[in-house]
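Subject: Structure handover

Hi,

Here is the structure we talked about. Please open it first, then read my notes below.

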Amino acid sequence: MNGTKTHNRKKIVIVFFCIFFAMLFLAGRLVYLMVFKSVYYSGKAQQLHERERDIKAARGKILDRNGEVLAANRSVCTISVIHSQIKEPNRVIEVLCKELEMDEETVRKRVEKFSSIERIKSNVPKETGDKIRNYKLAGVKVDEDYKRYYLYDSLASKVLGFTGGDNQGIIGLEVVYDDKLMGTNGQILTLTDARGVEIADAGETRRNPVDGNNLRTSLDYNIQMYAQQAAEKAMQAKEADSVSIVVMKPANGEIMAMVNLPEFNLNDPYQLPEGTSYSSQEEKQELLNQMWRNGCINDTYEPGSTFKVITASAALEAGVVSLNDHFFCPGYKIVEDRKIRCARTSGHGAQNFVQGLGNSCNPVFIELGMRLGVDQYYKYFKQFGLLSKTGIDLPGEARTIMHEKKNIGQVELATISFGQSFQITPVQLAATISSLINGGMRVTPHFGIQVEDQEGNVVEKFDYGPTTRILSEETSVTMRGLLEKVVSEGGGQKAYIEGYQIGGKTATSQTLPRSAHRYIASFMCFAPANDPQVLCLVIINNPSGVYYGGTIAAPVAKELFQNILPYLGIPKTEAAGQKSSTAE
């Protein structure tokens, strides 16, 4: 009996100590939570009773080289509702349908949705937002927001790009420099009770937004306007499919203008051209993608005779030709089993190298390619940077489409030498020729110059790396002189401007398939010839009627230079003489 009592007492003692230690643990845990973790859990509790609303940061502006604003922001509003705070749902639906011009079914669905906060519509004009705010409807929130605004609609549309509904970059400079242009959103924190209703006297906590930085670019508004107007005039006159123009500083690769007609309206980027039809959303998106493409960057083409500048530079640098070397053109050249014709089928007859370049004679350049040979020609092709992307600060740059070295036979070598059977981008051609005439230093074409804060202070200057010598100064000087003669005496005469020394090269190439008889007329020129300050490349795709580059593209470049050269303050010099020529 005593043994049983002793055993029971032991059990009671054990239970007592278990309860005691459990209570001690709970008390310690309570002290820990209330004292040591009080800040953490009070913050958590507050978060459960806080409602967050973003205060959008203004996106930085995009400026031209002179500070002209190309892309800015407009104040708009975002209209939202808080279900738990709405007192007159039918009145709210009525007002929002009227002011936002939305259908009742859509608005009612959003107003009656059980959520902490429901967006009704964004990018609402500020005037409309102010009208809704003045109704003082419980549960309706009108928050300030920003919408990207492009001051000149379609100007440089495929360069600048545009932003989406969240104000993030979609294409162009807007997406490349998105992290520089985007600011940091602020927040409004409102205290609510357990039902989600705002506490009347609790006030609001605000964290102000930080606006984005501005991007200063190499674009020049005036030069871009000159180029776009000249392109529009040419496209209309020749009923062309498209016209592209690149205006670049040869010394450093800064692009002062880039036109890709047809452009599109940056303030309405999802609007296809009038009359465009499509059968599905996928087809529409593909049409939009095509509309947004920057042909100077994203597309390749056969450059034709403008590429003879590269062949001539390589041949002079390698020492396989001199200015006084003589050639004979019967109107064609036999390469293996092929008769490759000259643009002048009757032939140019006897001529020296200088005349051959001025006449844009295919047999002369086929001969240069043969003298260089595949190995040496391919070496210069790579040395000049043609096998790599330029590194331009725009998305989607295409790479040169070139035969593999092992697949280049004599026929391929012949056609490459005068700019056919391979493809490059217009910006690659412009950058390479710039590098060959600027003294021989490879440049990186670019738009971004620096990032500035809202007060104009420089935050970051962009560095495009050390330049690489790709051609000797001596050969570069020689090429400038030869190309000046093309304009003053050869096939580029229609770009001649009295008082200015202009170097240039014409081109006419044919697109594939050749049976379609579609042509690309182009012209490259630079000035002053002895000290290039500006280079221009004009490309007219599938013109109607006459399609020769020297006939229809050179006058476009002339008109452009007649505006650009005085604008840049480039003085006139003694005019060079002209000689009649029908070279192409």
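Among contacts in the protein chain with a separation of 6 or more, 72% join residues 24 or more positions apart. Keep in mind that this is a predicted model.

The overall figures are as follows. The protein chain has 584 residues, and 49% of them count as buried. Its secondary structure consists of 18 helices and 21 strands. The accessible surface of the protein chain is about 27900 Å². Carbon and sulfur atoms hold 50% of that surface.

Next, the aromatic rings. How many aromatic pairs does the structure hold? The count is 14. One of them joins Phe-162 and Phe-264. This pair is edge-to-face, with 6.0 Å centre to centre and 85° between the planes. The pair links distant parts of the chain, as the two residues are 102 residues apart. Phe-162 sits in the loop between α6 (157-160) and α7 (172-176). Phe-264 sits in the loop between β10 (255-261) and α10 (281-292). Are these two residues buried or exposed? Both Phe-162 and Phe-264 are buried. They also belong to one aromatic cluster, together with Tyr-270 and Trp-292.

Another pair is formed by Tyr-547 and Tyr-548. Their rings are tilted: 4.9 Å centre to centre, 40° between the planes. Tyr-547 is partly exposed, at 23% relative accessibility. Tyr-548 is partly exposed too, at 38%.

Two rings have a charge over the face. Arg-74 lies over Tyr-149, at 3.7 Å from the ring centre. Lys-379 lies over Tyr-380, at 4.4 Å from the ring centre.

Last, the surface. Which residues form a nonpolar patch there? Phe-16, Phe-20, Phe-21 and Leu-24 do, with about 440 Å² of accessible area together. Phe-20 lies in helix α1, which covers residues 2-36.

Best wishes

Methods: Residues numbered from 1 in each chain as written. Predicted model: local features only at pLDDT ≥ 70, side-chain atom pairs only at ≥ 80, totals over all residues. Heavy atoms only, no water. Patch = residues over 30% accessible without salt bridge, like charges linked within 9 Å, V, L, I, M, F, W, Y side chains within 5 Å. Areas by Shrake-Rupley, 256 points an atom, 1.4 Å probe, with all protein chains shown as cover. Salt bridge = Lys/Arg side-chain N within 4 Å of Asp/Glu carboxyl O. Helix = DSSP H or I, 4+ residues; strand = E, 2+ residues; numbered from the N terminus. Buried < 20%, exposed > 50% of the residue type's maximum accessible area, 1.4 Å probe, protein only. Contact = heavy atoms within 4.5 Å. Phe/Tyr/Trp six-rings, centres within 6.5 Å; stacked < 30°, edge-to-face > 60°. Lys NZ or Arg CZ within 6 Å of the ring centre and 35° of its normal.
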